[in-house]
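Please consult the sequence and the model while reading.

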Amino acid sequence: MYPKINYLAQAYFHQDYDLEADSPIAIVSLFREREVFEVVEALSGEIFSILASGADESRLASIWLDEAGACYDPREDGVSIQDWLSRVGEVLLRG
């Protein structure tokens with residue numbers, strides 16, 4: 001349903017993601033640097049669309065962890081999924 005979020009989760013937030021960069025948000029920066037503009041733009045569009053939809057935390061967690069298959073759960077760092085996705089969207093736009 002969200003192909004670019006799935007791509008980010010599976011290609012960048014795989015089980016060894018923490019070996020790729022010093023922090024999860026640094027992984028997002030790597031995504032922004034490595035991927036073509038259209039992919040980065042499409043991902044930010046998916047993220048902001050989901051956030052604008054009013055999905056609750058449970059639904060956002062389902063999208064990120066269950067559907068996309070991300071191995072990083074920001075809640076383990078004390079960050080809600082909503083805040084995490086907002087931060088990801090901001091980092092993507094910064095480039």
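The term pLDDT denotes the predictor's confidence in each residue, on a scale from 0 to 100. The model is predicted; local features need pLDDT of at least 70, side-chain atom pairs count only at pLDDT 80 or more, and totals for chains, interfaces and linings use all residues. Residues are numbered from 1 along each chain as its sequence is written, and side-chain values use heavy atoms, with hydrogens and water left out.

The protein chain has a mean pLDDT of 96, and 99% of its residues reach 70 or more. Helices are DSSP runs (H or I, at least four residues), numbered from the N terminus. Among the elements of the chain, helix α4 (residues 57-67) has the highest mean pLDDT, 98, whereas helix α5 (residues 81-94) has the lowest, 96.

**Helix pairs**

Axes are lines fitted to C-alpha atoms, for helices over the stretch in contact, and angles run from 0 to 180 degrees between N-to-C directions. Contact means heavy atoms within 4.5 Å.

| Helix pair | Axes come within | Crossing angle |
|---|---|---|
| α1 and α2 | 11 Å | roughly 110° |
| α4 and α5 | 9 Å | roughly 60° |
| α2 and α5 | 9 Å | roughly 35° |

The axes of helix α1 (residues 3-12) and helix α2 (residues 24-34) cross at roughly 110°. This angle makes α1 roughly perpendicular to α2; angles under 35 degrees count as roughly parallel, over 145 as roughly antiparallel, 65 to 115 as roughly perpendicular and the rest as oblique. α1 passes α2 in a right-handed crossing, a term used if the near helix is turned clockwise from the far one by less than a right angle. Tyr7, Leu8 and Tyr12 of α1 make this contact with Ile27, Leu30, Phe31 and Arg34 of α2. By class, these residues comprise six nonpolar, no polar and one charged. Here Ala, Val, Leu, Ile, Met, Phe, Trp, Tyr, Cys and Pro count as nonpolar, Asp, Glu, Lys and Arg as charged, and the others, Gly among them, as polar.

The crossing of α2 and α5 is also right-handed. In this pair, Pro24, Ile25, Val28, Ser29, Phe31 and Arg32 of α2 meet Trp84, Arg87, Val88, Val91, Leu92 and Arg94 of α5. The contact has eight nonpolar, one polar and three charged residues.

The axes of α4 and α5 cross at roughly 60°, and the two helices are therefore oblique to each other. Glu57, Leu60, Ala61, Trp64 and Leu65 in α4 meet Ile81, Gln82, Trp84 and Leu85 in α5. Seven nonpolar residues, one polar and one charged form this contact.

**Buried residues**

A residue is buried when its relative accessible area is under 20%, exposed when over 50%, and partly exposed in between (1.4 Å probe, protein chains only). In α2, the buried residues are Pro24, Ile27, Val28, Ser29, Leu30 and Phe31. Their cover includes α1, α3 and α5. In α4, the buried residues are Leu60, Ala61, Ser62, Ile63, Trp64 and Leu65, and what covers them includes α1, α3 (37-52) and α5. After α4 comes Gly69, whose phi is positive, near 80°.

**Trp64**

Trp64 lies in helix α4 and is buried, with a relative accessible area of 1%. Leaving aside neighbours within four places in sequence, Trp64 is in contact with several residues, including Ile5, Leu8, Ala9, Phe13, Gly69 and Trp84.
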